[in-house]
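Here's a quick tour of one model, topic by topic. Keep the viewer open while you read.

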Amino acid sequence: MQTASKGKVKLCLAIALLVLVNVGIIGGCIVIKRYRFDSFASNEFTLYIGDSTTLDSVFNQLRSQVSPSKVRRLERLTATKGFPSELYTGAYRIKPGVNVVKIYEQLAQGKVSPVRIVFNNLRTKEDFARSMSQQLKLSAEELLVLMDSDAFCQEKGFTPQNIPAMLLPDSYEVYWNTSAANLLLRMEREYHRFWNEERLDKAHKAGLSPIEVATLASIVEEETNVADEMPTIAGLYLNRLRRNIPLQADPTIKFAIGDFGVKRILKKHLDIDSPYNTYKYYGLPPGPIRIASKQAIEAVLNYKRSNYLFMCAKEDMSGRHNFAATLAEHNANARKYHKALNELKIMK
(Lines give C-alpha, C1' and ligand atoms only; values in the text may rest on other atoms or scores of the structure.)
Protein backbone atom coordinates (compact mmCIF):
# COMPACT_ATOMS: atom_id res chain seq x y z
CA MET A 1 0.00 0.00 0.00
CA GLN A 2 2.82 2.34 0.94
CA THR A 3 4.67 1.39 -2.20
CA ALA A 4 1.62 2.27 -4.31
CA SER A 5 1.41 5.69 -2.62
CA LYS A 6 5.08 6.36 -3.33
CA GLY A 7 4.49 5.41 -6.94
CA LYS A 8 1.64 7.85 -7.23
CA VAL A 9 3.75 10.65 -5.73
CA LYS A 10 6.54 9.96 -8.20
CA LEU A 11 4.04 9.94 -11.04
CA CYS A 12 2.58 13.26 -9.90
CA LEU A 13 6.03 14.74 -9.60
CA ALA A 14 6.96 13.51 -13.05
CA ILE A 15 3.76 14.94 -14.51
CA ALA A 16 4.33 18.26 -12.72
CA LEU A 17 7.88 18.37 -13.96
CA LEU A 18 6.72 17.58 -17.46
CA VAL A 19 4.13 20.35 -17.26
CA LEU A 20 6.74 22.78 -16.01
CA VAL A 21 9.11 21.79 -18.80
CA ASN A 22 6.34 22.20 -21.35
CA VAL A 23 5.37 25.54 -19.86
CA GLY A 24 8.99 26.59 -19.98
CA ILE A 25 9.31 25.43 -23.57
CA ILE A 26 6.12 27.20 -24.54
CA GLY A 27 7.21 30.34 -22.66
CA GLY A 28 10.61 30.19 -24.27
CA CYS A 29 9.05 29.78 -27.70
CA ILE A 30 6.85 32.79 -27.07
CA VAL A 31 9.86 34.86 -26.01
CA ILE A 32 11.88 33.69 -29.00
CA LYS A 33 8.98 34.44 -31.29
CA ARG A 34 8.56 37.95 -29.87
CA TYR A 35 12.25 38.79 -30.01
CA ARG A 36 13.45 36.80 -33.01
CA PHE A 37 10.50 36.49 -35.36
CA ASP A 38 7.90 39.21 -34.69
CA SER A 39 8.24 42.35 -36.78
CA PHE A 40 9.28 45.36 -34.70
CA ALA A 41 7.57 47.90 -36.97
CA SER A 42 4.71 47.68 -39.42
CA ASN A 43 5.85 50.68 -41.50
CA GLU A 44 9.26 51.87 -42.63
CA PHE A 45 10.52 55.04 -40.95
CA THR A 46 13.79 56.78 -40.14
CA LEU A 47 15.12 57.33 -36.63
CA TYR A 48 17.52 60.27 -36.17
CA ILE A 49 20.19 60.26 -33.48
CA GLY A 50 22.07 63.52 -32.95
CA ASP A 51 24.93 64.51 -30.68
CA SER A 52 22.68 65.20 -27.70
CA THR A 53 20.24 62.32 -28.23
CA THR A 54 19.83 60.04 -25.20
CA LEU A 55 18.66 56.44 -25.10
CA ASP A 56 15.44 57.57 -23.44
CA SER A 57 14.77 60.04 -26.23
CA VAL A 58 15.39 57.23 -28.75
CA PHE A 59 12.67 55.19 -27.05
CA ASN A 60 10.39 58.22 -27.10
CA GLN A 61 10.95 58.64 -30.83
CA LEU A 62 10.17 54.97 -31.34
CA ARG A 63 6.92 55.18 -29.37
CA SER A 64 5.56 57.62 -31.95
CA GLN A 65 6.04 54.97 -34.64
CA VAL A 66 5.87 51.58 -32.89
CA SER A 67 3.46 50.00 -30.38
CA PRO A 68 4.53 50.56 -26.73
CA SER A 69 4.75 46.79 -26.06
CA LYS A 70 7.40 46.39 -28.76
CA VAL A 71 9.36 49.37 -27.50
CA ARG A 72 9.31 47.79 -24.02
CA ARG A 73 10.87 44.65 -25.51
CA LEU A 74 13.70 46.76 -26.90
CA GLU A 75 14.09 48.48 -23.53
CA ARG A 76 14.33 45.10 -21.74
CA LEU A 77 16.84 43.86 -24.29
CA THR A 78 19.06 46.93 -23.89
CA ALA A 79 18.88 46.55 -20.09
CA THR A 80 19.86 42.87 -20.35
CA LYS A 81 22.57 43.09 -22.99
CA GLY A 82 23.82 46.60 -22.28
CA PHE A 83 24.22 49.54 -24.66
CA PRO A 84 27.10 51.86 -25.68
CA SER A 85 27.42 54.86 -23.36
CA GLU A 86 27.68 57.12 -26.41
CA LEU A 87 25.13 56.61 -29.17
CA TYR A 88 26.27 56.58 -32.79
CA THR A 89 24.92 59.69 -34.51
CA GLY A 90 23.16 59.23 -37.80
CA ALA A 91 19.94 58.18 -39.46
CA TYR A 92 18.66 54.65 -38.91
CA ARG A 93 16.14 53.28 -41.37
CA ILE A 94 13.78 50.98 -39.49
CA LYS A 95 12.27 48.52 -41.94
CA PRO A 96 9.12 46.43 -41.46
CA GLY A 97 9.76 42.73 -40.95
CA VAL A 98 12.93 43.24 -38.90
CA ASN A 99 12.80 41.77 -35.38
CA VAL A 100 13.65 43.53 -32.13
CA VAL A 101 17.03 41.78 -31.78
CA LYS A 102 18.09 43.10 -35.19
CA ILE A 103 16.90 46.59 -34.25
CA TYR A 104 18.96 46.39 -31.05
CA GLU A 105 22.05 45.33 -33.03
CA GLN A 106 21.46 48.05 -35.62
CA LEU A 107 21.38 50.76 -32.94
CA ALA A 108 24.07 49.32 -30.67
CA GLN A 109 26.52 48.81 -33.54
CA GLY A 110 25.80 52.16 -35.23
CA LYS A 111 24.57 50.69 -38.51
CA VAL A 112 23.41 54.00 -39.93
CA SER A 113 21.50 54.32 -43.18
CA PRO A 114 21.88 56.86 -45.99
CA VAL A 115 19.11 59.39 -46.51
CA ARG A 116 17.87 60.86 -49.77
CA ILE A 117 18.50 64.58 -50.24
CA VAL A 118 16.83 66.58 -52.99
CA PHE A 119 17.52 70.06 -54.28
CA ASN A 120 16.19 71.86 -57.32
CA ASN A 121 14.96 75.28 -58.36
CA LEU A 122 17.50 77.06 -56.14
CA ARG A 123 19.16 80.33 -57.02
CA THR A 124 22.11 80.92 -54.74
CA LYS A 125 24.63 78.94 -52.76
CA GLU A 126 22.93 80.41 -49.68
CA ASP A 127 19.70 78.73 -50.82
CA PHE A 128 21.60 75.47 -51.29
CA ALA A 129 23.18 75.70 -47.83
CA ARG A 130 19.82 76.42 -46.24
CA SER A 131 18.19 73.48 -48.05
CA MET A 132 20.94 71.08 -46.97
CA SER A 133 20.76 72.23 -43.35
CA GLN A 134 17.06 71.34 -43.38
CA GLN A 135 17.74 67.85 -44.71
CA LEU A 136 21.01 66.94 -42.99
CA LYS A 137 22.66 67.32 -39.60
CA LEU A 138 25.09 70.02 -40.76
CA SER A 139 24.46 73.78 -40.56
CA ALA A 140 24.12 76.25 -43.41
CA GLU A 141 27.04 78.23 -41.96
CA GLU A 142 29.39 75.22 -42.25
CA LEU A 143 28.67 74.95 -45.97
CA LEU A 144 28.91 78.67 -46.67
CA VAL A 145 32.27 78.99 -44.92
CA LEU A 146 33.68 76.46 -47.40
CA MET A 147 31.89 77.79 -50.49
CA ASP A 148 33.04 81.33 -49.65
CA SER A 149 36.64 80.20 -49.12
CA ASP A 150 39.04 81.09 -51.93
CA ALA A 151 41.40 78.27 -50.93
CA PHE A 152 38.68 75.60 -50.78
CA CYS A 153 37.13 76.67 -54.09
CA GLN A 154 40.53 76.87 -55.81
CA GLU A 155 41.29 73.34 -54.65
CA LYS A 156 38.13 72.20 -56.46
CA GLY A 157 38.88 74.26 -59.58
CA PHE A 158 36.34 77.01 -58.87
CA THR A 159 35.99 80.43 -57.29
CA PRO A 160 33.46 81.53 -54.65
CA GLN A 161 31.57 83.24 -57.51
CA ASN A 162 31.30 80.23 -59.81
CA ILE A 163 31.21 77.29 -57.37
CA PRO A 164 27.40 77.03 -57.86
CA ALA A 165 28.35 75.51 -61.24
CA MET A 166 29.53 72.45 -59.30
CA LEU A 167 26.06 71.87 -57.85
CA LEU A 168 23.81 69.77 -60.06
CA PRO A 169 20.15 69.69 -58.93
CA ASP A 170 18.98 66.11 -58.42
CA SER A 171 18.36 63.62 -55.62
CA TYR A 172 21.29 61.90 -53.92
CA GLU A 173 21.80 59.39 -51.13
CA VAL A 174 24.20 60.58 -48.41
CA TYR A 175 24.63 59.96 -44.72
CA TRP A 176 22.58 62.29 -42.53
CA ASN A 177 25.59 63.14 -40.34
CA THR A 178 27.96 63.77 -43.25
CA SER A 179 30.23 66.80 -42.87
CA ALA A 180 30.04 69.92 -45.03
CA ALA A 181 33.38 69.02 -46.64
CA ASN A 182 32.24 65.49 -47.46
CA LEU A 183 28.95 66.71 -48.91
CA LEU A 184 30.78 69.09 -51.25
CA LEU A 185 33.24 66.32 -52.11
CA ARG A 186 30.22 64.23 -53.15
CA MET A 187 28.92 67.13 -55.25
CA GLU A 188 32.35 67.39 -56.87
CA ARG A 189 32.30 63.69 -57.78
CA GLU A 190 28.80 64.02 -59.25
CA TYR A 191 29.96 67.06 -61.23
CA HIS A 192 32.85 65.17 -62.81
CA ARG A 193 30.61 62.17 -63.47
CA PHE A 194 28.10 64.42 -65.25
CA TRP A 195 30.76 66.09 -67.37
CA ASN A 196 31.60 63.02 -69.39
CA GLU A 197 33.55 63.00 -72.64
CA GLU A 198 30.47 63.60 -74.79
CA ARG A 199 29.36 66.68 -72.85
CA LEU A 200 32.89 68.05 -72.67
CA ASP A 201 33.16 67.69 -76.45
CA LYS A 202 29.89 69.58 -76.98
CA ALA A 203 31.05 72.35 -74.63
CA HIS A 204 34.36 72.60 -76.49
CA LYS A 205 32.56 72.89 -79.83
CA ALA A 206 30.40 75.67 -78.40
CA GLY A 207 33.58 77.45 -77.29
CA LEU A 208 32.76 77.15 -73.60
CA SER A 209 34.18 75.50 -70.49
CA PRO A 210 31.83 73.49 -68.23
CA ILE A 211 31.70 76.43 -65.79
CA GLU A 212 30.81 78.79 -68.64
CA VAL A 213 28.12 76.37 -69.83
CA ALA A 214 26.59 76.38 -66.34
CA THR A 215 26.81 80.18 -66.21
CA LEU A 216 25.06 80.59 -69.55
CA ALA A 217 22.53 77.91 -68.59
CA SER A 218 21.68 79.87 -65.43
CA ILE A 219 20.85 82.94 -67.55
CA VAL A 220 18.81 80.86 -70.00
CA GLU A 221 16.85 79.32 -67.14
CA GLU A 222 16.09 82.72 -65.63
CA GLU A 223 14.93 83.97 -69.01
CA THR A 224 12.23 81.35 -69.51
CA ASN A 225 10.14 78.64 -67.89
CA VAL A 226 9.33 77.26 -71.33
CA ALA A 227 11.58 74.28 -71.95
CA ASP A 228 11.33 74.31 -75.75
CA GLU A 229 12.62 77.90 -75.86
CA MET A 230 15.80 77.15 -73.92
CA PRO A 231 17.93 75.89 -76.88
CA THR A 232 16.88 78.93 -78.96
CA ILE A 233 17.80 81.38 -76.19
CA ALA A 234 21.10 79.57 -75.65
CA GLY A 235 21.89 79.87 -79.38
CA LEU A 236 20.99 83.55 -79.36
CA TYR A 237 23.38 84.32 -76.51
CA LEU A 238 26.13 82.26 -78.14
CA ASN A 239 25.67 84.39 -81.27
CA ARG A 240 26.20 87.52 -79.18
CA LEU A 241 29.26 86.08 -77.44
CA ARG A 242 30.85 85.11 -80.75
CA ARG A 243 30.23 88.56 -82.22
CA ASN A 244 31.48 90.29 -79.06
CA ILE A 245 28.09 91.89 -78.47
CA PRO A 246 27.10 92.48 -74.82
CA LEU A 247 24.64 89.86 -73.65
CA GLN A 248 22.28 92.52 -72.25
CA ALA A 249 20.49 89.83 -70.25
CA ASP A 250 17.92 91.29 -67.85
CA PRO A 251 18.22 88.42 -65.32
CA THR A 252 21.87 89.36 -64.71
CA ILE A 253 20.71 92.87 -63.77
CA LYS A 254 18.22 91.39 -61.30
CA PHE A 255 21.05 89.33 -59.81
CA ALA A 256 23.29 92.41 -59.60
CA ILE A 257 20.67 94.46 -57.72
CA GLY A 258 19.68 91.44 -55.60
CA ASP A 259 16.01 91.53 -56.58
CA PHE A 260 14.55 88.88 -58.87
CA GLY A 261 11.08 90.23 -58.22
CA VAL A 262 11.63 93.24 -60.51
CA LYS A 263 9.18 93.11 -63.42
CA ARG A 264 10.59 95.99 -65.40
CA ILE A 265 14.25 96.86 -65.88
CA LEU A 266 14.74 100.64 -65.68
CA LYS A 267 17.66 102.89 -66.61
CA LYS A 268 18.67 103.21 -62.95
CA HIS A 269 19.11 99.44 -62.86
CA LEU A 270 21.27 99.44 -65.99
CA ASP A 271 23.63 101.99 -64.43
CA ILE A 272 24.69 99.68 -61.60
CA ASP A 273 28.43 99.01 -61.61
CA SER A 274 28.65 95.25 -61.23
CA PRO A 275 30.51 92.53 -63.15
CA TYR A 276 27.08 90.91 -63.44
CA ASN A 277 25.76 93.90 -65.41
CA THR A 278 25.84 92.41 -68.89
CA TYR A 279 24.68 95.71 -70.39
CA LYS A 280 27.89 97.36 -69.19
CA TYR A 281 30.39 94.48 -69.32
CA TYR A 282 31.07 92.14 -72.24
CA GLY A 283 31.04 88.37 -72.03
CA LEU A 284 29.65 86.10 -69.37
CA PRO A 285 29.38 87.22 -65.73
CA PRO A 286 31.83 85.82 -63.13
CA GLY A 287 29.56 82.89 -62.29
CA PRO A 288 26.05 81.46 -62.49
CA ILE A 289 23.18 83.69 -61.40
CA ARG A 290 21.34 80.59 -60.23
CA ILE A 291 22.08 76.90 -59.73
CA ALA A 292 21.38 75.74 -63.26
CA SER A 293 19.28 72.64 -63.83
CA LYS A 294 20.58 69.75 -65.91
CA GLN A 295 17.83 70.57 -68.42
CA ALA A 296 19.18 74.10 -68.90
CA ILE A 297 22.75 72.80 -69.19
CA GLU A 298 21.65 70.33 -71.85
CA ALA A 299 19.86 73.17 -73.67
CA VAL A 300 23.15 75.08 -73.91
CA LEU A 301 25.08 72.00 -75.01
CA ASN A 302 22.42 71.28 -77.64
CA TYR A 303 21.70 74.88 -78.56
CA LYS A 304 19.61 75.76 -81.60
CA ARG A 305 21.48 77.45 -84.41
CA SER A 306 19.88 80.62 -85.74
CA ASN A 307 20.67 84.20 -86.71
CA TYR A 308 18.84 85.61 -83.70
CA LEU A 309 20.55 88.35 -81.70
CA PHE A 310 17.60 89.80 -79.79
CA MET A 311 14.71 88.57 -77.69
CA CYS A 312 11.82 90.22 -75.91
CA ALA A 313 9.02 88.84 -73.79
CA LYS A 314 5.79 88.42 -75.72
CA GLU A 315 3.16 91.05 -75.18
CA ASP A 316 0.56 88.39 -74.32
CA MET A 317 2.45 87.75 -71.04
CA SER A 318 2.53 84.03 -71.84
CA GLY A 319 6.12 83.72 -70.67
CA ARG A 320 7.26 83.05 -74.22
CA HIS A 321 9.47 85.35 -76.32
CA ASN A 322 9.65 87.06 -79.68
CA PHE A 323 13.04 86.55 -81.32
CA ALA A 324 14.66 88.87 -83.84
CA ALA A 325 17.74 88.99 -86.03
CA THR A 326 17.79 92.79 -86.45
CA LEU A 327 17.54 95.73 -84.09
CA ALA A 328 14.58 97.12 -86.03
CA GLU A 329 12.61 93.90 -85.49
CA HIS A 330 13.57 93.85 -81.86
CA ASN A 331 12.54 97.46 -81.28
CA ALA A 332 9.11 96.70 -82.76
CA ASN A 333 8.76 93.71 -80.41
CA ALA A 334 9.93 95.79 -77.46
CA ARG A 335 7.37 98.52 -78.18
CA LYS A 336 4.56 95.95 -78.11
CA TYR A 337 5.81 94.53 -74.82
CA HIS A 338 6.26 97.93 -73.15
CA LYS A 339 2.77 98.92 -74.28
CA ALA A 340 1.40 95.79 -72.59
CA LEU A 341 3.32 96.62 -69.39
CA ASN A 342 1.90 100.15 -69.41
CA GLU A 343 -1.63 98.86 -69.88
CA LEU A 344 -1.14 96.52 -66.95
CA LYS A 345 0.36 99.42 -64.95
CA ILE A 346 3.58 97.48 -64.32
CA MET A 347 6.10 100.24 -63.77
CA LYS A 348 8.80 98.46 -61.76
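Which residues are buried in helix 2 (residues 55-63)? They are Val58, Phe59 and Leu62, and since they cover an arc of only 95 degrees around the axis, they sit on the same side of helix 2. Before going further: this is a predicted model, where local features need pLDDT of at least 70 and side-chain atom pairs count only at pLDDT 80 or more, while totals for chains, interfaces and linings use all residues. Residues are numbered from 1 along each chain as its sequence is written, and side-chain values use heavy atoms, with hydrogens and water left out.

**The chain as a whole**

- The protein chain has 15 helices and six strands; helices (H or I, at least four residues) and strands (E, at least two) are DSSP runs, numbered from the N terminus.
- Of its 348 residues, 43% count as buried, where buried means under 20% relative accessible area, exposed over 50% and partly exposed in between (1.4 Å probe, protein chains only).
- Take the contacts (heavy atoms within 4.5 Å) between residues at least 6 apart in sequence: 63% of them join residues at least 24 apart.

- Helix 5 (residues 125-135) starts with Lys125, and its buried residues are Lys125, Phe128, Ala129, Ser131 and Met132.
- Looking down the axis of helix 5, those buried residues fall within an arc of 165 degrees, so they line one face of the helix; the arc is that of the directions from the helix axis to the C-beta atoms.
- The partners of that buried set in helix 5 are strand 3, helix 6 (140-147) and helix 8 (180-194).
- Lys125 is worth a click: this lysine counts as buried, at 10% relative accessibility.
- Leaving aside residues up to four places away in sequence, Lys125 touches Leu144, Met147, Asp148, Pro160, Ile163 and Pro164.

**Strand 3 and its neighbor**

- Strand 3 (residues 114-119) has a covered face made of Val115, Ile117 and Phe119, while Pro114, Arg116 and Val118 are on the uncovered one.
- Strand 3 runs antiparallel to strand 4 (residues 170-175), and six bridges join them; for two strands to pair, DSSP has to find at least two bridges between them.
- Across that pairing, Arg116 stands opposite Glu173 in strand 4.

**Helix 10 against helix 12**

- Two packed helices are described by the angle between their axes and the distance between the axes.
- For helix 10 (residues 210-223) and helix 12 (residues 250-257), the angle is about 100 degrees and the axes are 8 Å apart.
- Axes here are lines fitted to C-alpha atoms, for helices over the stretch in contact, and angles run from 0 to 180 degrees between N-to-C directions.
- Helix 10 and helix 12 are therefore roughly perpendicular to each other, on a scale where angles under 35 degrees count as roughly parallel, over 145 as roughly antiparallel, 65 to 115 as roughly perpendicular and the rest as oblique.
- On the helix 10 side the contact involves Ile219, Glu222 and Glu223, and these meet Asp250, Pro251 and Thr252 in helix 12.
- The residues of this contact divide into two nonpolar, one polar and three charged (Ala, Val, Leu, Ile, Met, Phe, Trp, Tyr, Cys and Pro count as nonpolar, Asp, Glu, Lys and Arg as charged, and the others, Gly among them, as polar).

**Positive phi values**

- Most residues other than glycine have a negative phi.
- Gln248, in the loop between helix 11 (230-242) and helix 12, has a positive phi near 50 degrees and is partly exposed at 34% relative accessible area.
- Met317 has a positive phi too, near 60 degrees; this methionine is in the loop between strand 5 (310-313) and strand 6 (321-324) and is partly exposed at 36%.

- Tyr337 belongs to helix 15 (residues 327-343) and is buried, with a relative accessible area of 16%.
- Not counting residues up to four places away in sequence, Tyr337 touches Lys263, Cys312, Ala313, Lys314, Glu315 and Met317.
- Lys205, in helix 9 (residues 197-206), is exposed at 62% relative accessible area.
- Lys205 and Leu301 are 96 residues apart in sequence and 8.9 Å apart in space, C-alpha to C-alpha.
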